Every structure is written in structure tokens, then in C-alpha cells.
Amino acid sequence: MPQHFPVEISVVIPLLNEAESLPELTRWIHRVLAQHGLTYEVILIDDGSTDDSWEVIEELAQADTHLRGIRFNRNYGKSAALNVGFRAAVGRVVCTMDADLQDSPEELPELYRMITEEHYDLVSGWKKKRFDPLSKTIPTKLFNGVTRWISGIQLHDFNCGLKAYDQRVVKGIEVYGEMHRYIPVIAKWNGFARIGEKPVQHQERKYGVTKFGLERFVYGFLDLLSITFVSRFRRRPMHFFGTMGTLSFLLGMIITLWIGGQKVYLALNNLKARDVTAQPLFFLALVAVIVGVQLFLAGFLAEMISLSGARRNDYLVREKLNIK
């Protein structure tokens with residue numbers, strides 16, 4: 001039996017200090033979706049803005065019942081905003097976009113069609129022509145290349161804010177830390193493997209300044225290693241730590257036994273032999289044994305923690321608008 005959804009599209013928009021762009025952005029979204037006859041909601045998540053963003057959201061929500069608002073008590077980051085927005089979304093298709101007017105709402109109807117008619121789990125935007133400086137575009141290309149290689153997902157632009165999801169995806173995944181860049185990777189490793197891509201229009205920033213610096217690329221590679229490890233071993237950390245610990249322990253024991261056996265053999269044959277403790281290799285073997293035991297114990301403790309870990313996505317929401 002087909003599931004009934006209150007609206008066809010939920011547009012989730014995280015924002016930080018974007019008071020100037022919000023009126024134009026919401027009018028643009030309304031005009032595009034109304035022209036295509038799509039029912040929708042717009043969820044604006046204020047991630048601890050220090051300007052008048054929340055006051056603007058309140059004013060806009062009074063005039064437009066399609067708008068919803070969530071305000072964090074402080075800045076938690078884009079991943080936190082998206083995660084809370086995903087929990088609140090009720091649409092058949094959930095689209096995300098940035099609030100700086102660099103993502104075009106004109107793309108939303110086609111993204112909706114690709115999810116509902118072509119049955120993609122996720123469709124990611126691809127900014128073929130970017131209006132960013134070289135200091136941003138070159139690291140982006142490197143970042144995307146490494147992510148494609150590690151994840152096996154052939155997307156050109158993992159970090160594009162304009163994406164569309166089947167609702168099953170956003171309700172079935174968890175976004176935390178700074179993992180918003182890797183939502184396609186998280187989705188794939190949760191079984192949502194039908195991932196598509198659509199070239200989208202990228203526009204120059206009209207108001208304000210970018211909120212991201214070059215450090216995000218450094219954090220991005222660290223996050224990629226983290227999500228790779230967590231996705232593969234989160235439910236079975238002993239498989240990783242236990243394997244590494246066992247190999248280290250066995251290597252250390254084999255070297256120790258070989259050194260000890262060599263000493264005994266030479267002694268029995270009245271041959272000159274170095275003391276075991278005079279050989280650097282013995283201490284390396286001893287370190288390998290100790291490290292192996294520690295890794296094994298780390299795997300055991302990680303297994304216990306994974307079974308009883310507390311929720312990590314608890315954010316202090318200060319206010320809500322039009323959200324039950």
C-alpha cells in the first residue's frame with residue numbers, strides 16, 4: 001500500500017548568518033515549486049547565527065505557512081543542522097541546499113522527478129562550472145578524487161549542498177560531527193546504493209562571505225578516514241582491533257621464540273651466543289607482544305561500548321516555528 005506523505009518535497013536549509021539572503025531565497029523556492037504544482041515545506045535551521053537571521057525567519061514564517069524554523073542555542077555545525085532537519089522533514093522527497101543563493105531552486109523539480117520516477121535513493125548535484133577561487137576549487141578536485149577512490153562512488157562533487165533524497169534515506173542514516181560531506185558514502189554503506197548525479201547551476205555569492213576556510217579540506221580527509229573505519233567496523237570493532245592485536249602478538253611471540261630457540265641451540269652445542277637481552281630485536285618483539293595485547297583489549301572494550309553507547313546527536317534546540 002503506498003505511503004501517504006503530508007507534502008511532496010521538504011527543503012532542508014542549514015544556515016549561519018544569512019539574514020540578507022533568506023527573503024530572496026524563500027521567495028525563489030516558492031515561485032519555482034508553485035509553478036510546478038508541488039506541495040512543499042521549507043525547514044530553515046539557524047545554526048547559532050549572531051546576526052538577525054532568526055528574526056528574519058520569524059517574520060517570513062508569519063507570512064508563509066510553508067516555512068518551518070529550528071534555532072540552535074549555539075553553533076553546532078552543518079552536520080548537526082542537517083541531522084535535525086532530516087528528523088523534522090515529512091516530505092516524500094527531502095532536498096538540501098545552502099542558504100547563500102549559490103544553489104538554484106530551479107533544480108528542485110528535476111531532482112524530485114529523478115527520485116520519484118527514476119527511483120534513485122539519492123541524487124547529488126554537480127557544480128560543473130564553479131564561481132569559486134582556485135584556492136577552493138583545486139583542493140575540492142583533490143578531495144573528490146580521493147573520496148571516489150576510497151568509497152567507490154563515482155560522483156564528481158561530494159560536497160555540493162544541493163542534493164535530493166528518498167525519505168527512507170534521511171530517516172535511515174545518522175549524520176554527526178562533520179560528516180555532511182560524506183552523506184553519499186554513509187547512505188551507500190547503509191544499503192542505499194542507487195546514487196545518481198545531476199549537473200546543477202552554481203552562482204556567485206550575492207551576500208556576505210563564505211563560512212568555510214581551507215582547514216575544512218584537512219578536516220575532510222580526516223573525516224573520510226573516520227567514516228570509512230566507523231562504517232565498516234562500528235558494529236564489530238573487535239574484527240579490526242582483534243585482528244591487528246592478534247597479528248602483532250603472534251609476530252612478537254614468533255620472534256621471541258626464535259631468539260630464545262637460537263640461544264638454547266647455540267648453548268647446547270657449546271657455541272658462543274649473545275644474551276637474549278643484548279639483542280635489540282628482542283625488545284622490538286616484546287613491544288609487539290604488548291601492543292598486540294593492548295589492541296585486543298581495545299577491541300574488547302570497543303565492543304562493550306558499541307553495545308551500550310549513548311546517543312551522540314543530542315543538540316540543544318532553542319526555538320521552533322511551525323514544527324510539532
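I started at arginine 71, whose place is in strand β3. The model I am reading is a predicted one. I looked up how covered this residue is: arginine 71 has 15% relative accessibility and therefore counts as buried, the cut-off being under 20%. I then listed what arginine 71 touches, leaving aside neighbours within four places in sequence. The contacts are Asp46, Trp54, Val317, Arg318 and Glu319.

Next I looked up the sheet. I find eight strands in an open sheet, ordered β7-β5-β6-β4-β1-β2-β3-β8, with mixed pairing. At the edges I have β7 (195–199) and β8 (317–321), each of which pairs on one side only. I noted that neighbouring strands are turned by 20° against each other on average, direction ignored.

I went through some of the pairings in turn. I find β1 and β4 running parallel, joined by five bridges. In this pair I see valine 11 opposite cysteine 95 of β4. β4 also pairs with β6, here in the antiparallel sense and over four bridges. I find valine 94 standing opposite tyrosine 165 in β6. The strands β5 (residues 122–126) and β6 (residues 163–166) run antiparallel and are joined by three bridges. I noted serine 124 opposite lysine 163 in β6. For cover, I checked β4: five of its six residues are buried, which makes this strand mostly covered.

I stayed with β6 to look at aspartate 166, which is found in that strand. Is aspartate 166 buried or exposed? Its relative accessibility is 7%, so I count aspartate 166 as buried. Not counting residues up to four places away in sequence, I list Arg92, Ile115, Tyr120 and Asp121 as the residues that aspartate 166 touches. With one of them, arginine 92, I find a polar contact between side chains at 2.9 Å. I also looked up the separation of aspartate 166 from isoleucine 9. The two are 157 residues apart along the chain, and I read 9.9 Å between their C-alpha atoms.

I turned to the helices. Helix α3 (residues 78–88) lies across β1 (7–15), β2 (40–46), β3 (67–72), β4 (91–96) and β6, and I read about 160° for its angle to β1. How many of the residues of α3 are buried? I count nine of eleven, so the helix is mostly covered. The buried ones are Lys78, Ser79, Ala80, Ala81, Leu82, Asn83, Val84, Gly85 and Phe86.

For helix α4 (residues 108–116) I list Leu108, Pro109, Leu111, Tyr112, Met114 and Ile115 as the buried residues. Residues three or four places apart in an α-helix point the same way, because there are 3.6 residues a turn. I looked up what covers the buried residues of α4, and the cover includes β1, α1, β4, β5, β6 and β7.

The axes of α1 (residues 22–35) and α2 (residues 53–63) come within 10 Å and cross at roughly 35°. I record the crossing as right-handed. Which residues make the contact? From α1 I list Leu22, Pro23 and Thr26, and from α2 Ser53, Val56, Ile57 and Leu60.

Note on methods: Residues numbered from 1 in each chain as written. Predicted model: local features only at pLDDT ≥ 70, side-chain atom pairs only at ≥ 80, totals over all residues. Heavy atoms only, no water. Pairing = 2+ DSSP bridges. Helix = DSSP H or I, 4+ residues; strand = E, 2+ residues; numbered from the N terminus. Axes fitted to C-alpha atoms, helices over the stretch in contact; angles between N-to-C directions. Contact = heavy atoms within 4.5 Å. Left-handed = near helix turned anticlockwise from the far one by under 90°. Buried < 20%, exposed > 50% of the residue type's maximum accessible area, 1.4 Å probe, protein only. Polar contact = N/O pair within 3.5 Å; in protein donor to acceptor, adjacent residues only side chain to side chain.
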